[in-house]
Amino acid sequence: MDYATFYRRSIDDREAFWAEQARLIDWERPWDQVCDNSNPPFTRWFVGGRTNLCHNAVDRHLAARAQQNALIFVSTETGTERIYSYAELHREVQTMAATLQSLGVKQGDRVLLYLPMIPEAAFAMLACTRIGALHSVVFGGFASVSLASRIDDAEPTVIVSADAGSRGGKVVPYKPLLDEAIRLAEHKPAKVLMIDRGLSPFERVAGRDEAYADWRERHRQAQVPCAWVDATHPSYTLYTSGTTGKPKGVQRDTGGYAVALASSMKHIFLGNPGETYFSTSDIGWVVGHSYIIYGPLIAGMATIMYEGLPIRPDAAIWWSLVEKYKVTSMFSAPTAVRVLKKQDPAALKKHDLSSLRALFLAGEPLDEPTAQWIAESLGKPIIDNYWQTETGWPILTICNGIEPAPSKFGSPGKAVYGYDVQLVDESTGQELTGANQKGVVVIKGPLPPGCMQTVWRDDARFVKTYWSSIPGQQVYSTFDWGIRDEDGYFFILGRTDDVINVAGHRLGTREIEESISSHPAVAEVAVVGVADQLKGQVAMAFAVLKDPSVAATPEAALKLEGAIMKLVDEQLGAVARPARVRFVGVLPKTRSGKLLRRAIQAVCEQRDPGDLTTIEDPTALQQIKDLVQG
């Protein structure tokens with residue numbers, strides 16, 4: 001079937017289309033209704049059906065592939081490599097599930113995971129969905145204040161953590177950060193399950209902290225059946241930055257998510273049972289959920305879980321894994337490719353990459369020079385894809401599993417089946433149907449299976465944030481500008497809101513501003529995302545001081561800048577640290593007091609700031625210009 005026909009059927013004959021895709025997974029009970037959209041935008045998929053994510057990722061493969069590789073763990077940080085077959089993965093997941101149940105976790109409870117890229121993270125995620133609990137993974141680099149806000153929102157029964165992670169050979173202790181987060185949080189978890197990697201000594205809190213090694217020994221032979229849950233039962237929550245300080249808990253269902261992932265592995269990521277998939281992401285992000293853990297395992301593949309950098313011990317490490325494990329599909333981010341671009345080009349030629357069908361990239365816009373360089377260097381198809389934490393799987397890409405089509409450098413591709421993607425005028429809500437017209441990328445409801453159900457415990461915020469920003473229409477806004485060319489290929493042009501994308505990590509500028517504002521010397525601050533060759537974007541901060549004399553000399557300004565950066569590190573984590581904090585006398589605003597963020601960003605990127613007729617004080621922008629260009 002040609003892709004255009006396949007796509008149209010997914011939009012025009014939704015029920016029959018998704019009923020077909022749903023046959024890619026196992027159901028304990030079939031559904032009564034494929035799509036219930038009677039209460040938009042709260043769409044329910046496969047209503048009445050019962051299934052289980054862990055069963056589809058692990059148990060159903062035991063009959064045919066029990067001894068096949070399932071999880072391949074490689075850590076260049078600790079020099080560890082360990083392969084788990086599907087039978088071994090099944091055993092470890094049951095052991096973890098029995099442990100969580102012993103610690104009081106029941107169906108519907110939340111379990112927060114604050115872990116590095118270790119096998120136990122995969123065991124814990126799968127164990128949660130096995131018993132019908134919701135996992136909430138927090139990236140292992142997040143600071144205590146950020147972690148505390150997520151603990152309070154998720155209200156976990158148990159937190160699973162480790163003594164430490166490691167990056168670039170440097171140990172990052174997790175336990176002190178976790179202890180501080182629990183101290184700050186109003187909700188106190190009943191138990192903390194600690195995995196001791198022997199990287200960093202830590203103190204156990206009596207009555208609260210439990211050693212996983214002890215429980216694992218106790219439950220080595222535990223039999224824990226999968227809990228069959230409604231297709232609409234939440235599988236997990238995952239927090240994503242918003243334009244306001246409080247992070248949003250993206251809530252995902254079970255049945256729709258399993259179907260979307262099974263379908264995407266076949267039609268997008270070219271994955272077949274018995275092959276090997278390698279995603280270089282982290283389980284703290286949505287890519288790690290969908291395409292390190294669930295997607296490849298649902299497809300009956302082996303999945304590589306990698307702890308380490310792309311250039312350590314050398315720039316050929318990833319390609320050595322492709323050769324060793326005969327990786328057929330690989331998924332990474334443009335930032336990683338830009339890092340590799342700075343290394344010796346010979347690294348890309350050292351290993352046999354004949355097994356690799358394609359390199360998929362996502363997480364941030366892929367610029368044309370980077371795409372061209374990696375395509376020529378690898379001699380493999382480079383397939384960009386565009387999506388969000390909220391959608392759980394790609395919105396735009398090339399579906400080569402249905403009909404091979406060329407990629408266009410700089411474009412993530414066409415609308416993926418199931419997504420009725422449109423471009424609309426931001427002010428009027430009018431759909432833009434002509435070629436190369438700039439508009440907001442929106443999705444006409446209902447969202448396809450696999451997308452978020454709502455914001456955790458905040459339906460009103462789900463409607464207000466995603467479905468109410470376009471005048472006169474209830475459509476899902478991606479908050480990204482885009483254009484579509486005459487061939488139907490989309491090009492993403494940047495955010496319409498105040499979320500920035502640093503090396504694939506979404507950060508709310510408001511969160512960073514609130515952190516900087518908490519420094520006693522700061523009166524006012526503006527943070528903008530500025531284009532960066534390596535990371536895609538970096539945060540740039542401009543602060544007005546209560547007393548300008550505290551930064552009167554270059555030495556004093558540098559010292560204060562360092563102190564502010566340290567504060568952001570402590571409150572939000574190193575990932576949120578601005579590239580620079582500059583001190584100005586006044587921030588550029590309109591006469592009505594609105595901060596001119598886009599003008600600040602334009603000046604930082606040496607672009608024309610556009611219409612400034614409403615600016616209150618033109619010297620404010622000039623001051624920023626002198627600082628960044630001086």
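Contact here means heavy atoms within 4.5 Å. These legends describe a predicted model, where local features need pLDDT of at least 70, side-chain atom pairs count only at pLDDT 80 or more, and totals for chains, interfaces and linings use all residues. Residues are numbered from 1 along each chain as its sequence is written, and side-chain values use heavy atoms, with hydrogens and water left out.

**View 1. Helices α6 and α11 cross at roughly 60°.** Helices (H or I, at least four residues) and strands (E, at least two) are DSSP runs, numbered from the N terminus. Two packed helices are described by the angle between their axes and the distance between the axes. For α6 (residues 119-131) and α11 (residues 286-298), the axes come within 11 Å. Axes are lines fitted to C-alpha atoms, for helices over the stretch in contact, and angles run from 0 to 180 degrees between N-to-C directions. The angle makes α6 oblique to α11; under 35 degrees counts as roughly parallel, over 145 as roughly antiparallel, 65 to 115 as roughly perpendicular and the rest as oblique. The crossing of α6 and α11 is right-handed, a term used if the near helix is turned clockwise from the far one by less than a right angle, while anticlockwise is left-handed.

**View 2. Side by side, α6 and α11 meet through residues from both helices.** Which residues of α6 meet α11? Look for Ala122, Met125, Leu126 and Thr129 in α6, which meet His289, Ile293, Tyr294 and Leu297 in α11. By class, this contact has six nonpolar, two polar and no charged residues. Here Ala, Val, Leu, Ile, Met, Phe, Trp, Tyr, Cys and Pro count as nonpolar, Asp, Glu, Lys and Arg as charged, and the others, Gly among them, as polar. Helix α11 is mostly covered, with 13 of its 13 residues buried. Buried means under 20% relative accessible area, exposed over 50%, and partly exposed in between (1.4 Å probe, protein chains only). Just after α11, look for Gly300, which takes a positive phi of about 75°.

**View 3. A salt bridge joins Glu155 and Arg457.** A salt bridge is a side-chain nitrogen of Lys or Arg within 4 Å of a carboxyl oxygen of Asp or Glu, and a search of the whole structure finds 30 of them. In this one, the side chains of Glu155 and Arg457 meet at 3.0 Å, N to O. Glu155 lies in the loop between α7 (144-154) and β8 (158-162), and Arg457 in the loop between β25 (454-455) and α15 (459-466), so the pair ties together parts that are 302 residues apart in sequence. Glu155 counts as partly exposed, at 33% relative accessibility. Arg457 also has a positive phi of about 60°, although it is not a glycine.

**View 4. Within helix α8, Glu180 pairs with Arg183.** How far apart are the closest N and O atoms of this salt bridge? They are 2.8 Å apart. Both residues lie in α8 (residues 175-184), three residues apart, about one turn of the helix. An α-helix has 3.6 residues a turn, so residues three or four places apart point the same way. Glu180 is partly exposed, with a relative accessible area of 29%, and Arg183 is exposed, at 55%. A network of salt bridges links Lys175, Asp179, Arg208 and Asp209.

View 5. Glu570 is partly exposed, with a relative accessible area of 43%, whereas Lys566 is exposed, at 52%. Pro554 also lies in helix α17 and counts as exposed, at 64% relative accessibility. From C-alpha to C-alpha, Pro554 and Glu20 are 66 Å apart in space and 534 residues apart in sequence.

**View 6. Two peptide bonds to proline are cis, at Pro41 and at Pro446.** Pro40 and Pro41 are joined with omega at about 5°, and Pro41 lies in the loop between β1 (33-36) and β2 (44-47). For Gly445 and Pro446, omega is about 0°. Pro446 sits in the loop between β24 (439-444) and β25.

**View 7. Phe479 has a positive phi.** The angle is about 65°, although Phe479 is not a glycine. Phe479 is found in strand β26 (residues 475-484). Is Phe479 buried or exposed? At 14% relative accessibility, Phe479 counts as buried.
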